[in-house]
Amino acid sequence: MLKSQPDIVCLSHLRWKFVYQRPQHLMTRAARTRRVYYLEEPVDDGAQPYLEASTDGGVTVLTPHIQPGLYGDAAEEVTARLLRPFLAREGVRRPLAWVYTPMRLPLLDVVQPGSVVYDCMDELANFRSAPPKLREREQELFRQADVVFTGGHRLYEAKRRQHPNVHPFPSSVDVSHFAQARAGLEDPADQRDLPRPRLGFYGVIDERFDIELVGELARRRPEWQFVLLGPVVKIDPAELPRGENLHYLGMKSYTELPSYLAHWDVALLPFALNEATEFISPTKTPEYLAAGLPVVSTPIRDVVRPYGERGVVSIAQGTDEFEASVLAALGQDQTGRRDRADALLAGMSWDRTWEEMEALLLRAEAGPGAPRSVARAGTFPAGGSD
């Protein structure tokens, strides 16, 4: 039975059934003791708007279906008219609003939260096609938020002066899930026939992915098989490097990942060094390590510290260094590195992260405050559902 803690209404820009990452890890843990409603961005596939509700991992996932051709605030206005009566029927009163994108800020007028969390997992304003209003709305969100979490230490350094209650929570890991890769799982059918060695990457393939680096490595080392898992987003698939040793196997579920990792020789973090990667803290770093794999990464700040500094991830800048680091990883005994990685990961569970976050939330929720409203970011009318 759920404890008498405020419900959570999570306002996110990420699909629940997309890549399983920070929001899913945290919200499923929150759902152990609270009612959690996860509001996705609208799907423009319906002439008559409606709000679809489904349950996964104890979380109620809300998907607004709206008329085609509506974008931005126009789409969110329809979402607001769908969300308001739903929350009323569910008896949601003064919930904790958990916000992942400042662009959904006007929905706080519908949610009427008792407290507000901004879980800033990325510097979204630096991503390709970021909305022009994003930075302005983030400043308003800082004014509304009771507590701010950041997805890494580099992001914390950028945000800590913008709010009095900011706390860094870098990517954590479900060690037992990825440690299954060490137990000799069956090789998935779509990579089973690939030769070795296999170099693997999983995640969203977008402007953060270093196309030139991967393409040149594949050209130099035709005997290396590059296994690339994940959706291609915001870039033209035709721009991706191609070759007989480059294998794009598409998106895989969270459950499937250990089976792929179990049959890789080296895991890769081939991120470009650009605005979109300056503040990232890749969730896959500790996941690769939990699987027991050697990892080679470009010098992403939150990978260099702590993973590079602790000697559990090889940091390489440029194609020559990256190639040499992969060669070294293929030829070295990994026992010492794996032991160091396991010691580091022992304190990085998602359960522990949620416990520490919740302690801060309880403090914020216990404080005085009235339901929030948003004056400067735009508000939506109080009409009923379409």
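Lys133 is partly exposed in this predicted model, with a relative accessibility of 41%. Its side chain meets that of Asp73 in a salt bridge, 3.3 Å from N to O. The pair links distant parts of the chain, 60 residues apart: Lys133 sits in the loop between strand S6 (115–120) and helix H4 (134–144), and Asp73 in helix H2 (residues 72–90). Asp73 is partly exposed too, at 27%.

- Arg81 and Glu77 pair up at 3.5 Å, N to O; they are four residues apart in helix H2, so about one helical turn separates them.
- Arg81 counts as buried at 16% relative accessibility, whereas Glu77 is partly exposed at 30%.
- Arg221 and Glu223 form a salt bridge with their closest N and O atoms 3.1 Å apart, and both belong to a network that also links Glu216, Arg219, Arg220, Asp320 and Glu323.

**A buried leucine**
- Leu289 lies in helix H9 (residues 284–290) and is buried, with a relative accessible area of 1%.
- Beyond its neighbours within four places in sequence, Leu289 is in contact with residues including Arg182, Val295, Tyr307 and Leu345.

**The second largest pocket**
- This pocket has a volume of about 370 Å³.
- Its lining has 19 residues, and His153, Pro170, Ser171, Gly347 and Met348 lie nearest the centre.
- Helix H10 (301–308) and helix H13 (350–366) each supply at least two lining residues, with the largest share, four residues, coming from H10.
- By class, the lining has seven nonpolar, eight polar and four charged residues.

Terms used
Residues numbered from 1 in each chain as written. Predicted model: local features only at pLDDT ≥ 70, side-chain atom pairs only at ≥ 80, totals over all residues. Heavy atoms only, no water. 1 Å grid on protein atoms, 1.4 Å probe; cavity = no way out; pocket = protein on both sides within 12 Å on 5 of 7 lines; lining within 4 Å. Points joined across faces, edges and corners; volume = space filled by probe spheres on them. Nonpolar A, V, L, I, M, F, W, Y, C, P; charged D, E, K, R; others polar. Buried < 20%, exposed > 50% of the residue type's maximum accessible area, 1.4 Å probe, protein only. Contact = heavy atoms within 4.5 Å. Salt bridge = Lys/Arg side-chain N within 4 Å of Asp/Glu carboxyl O.
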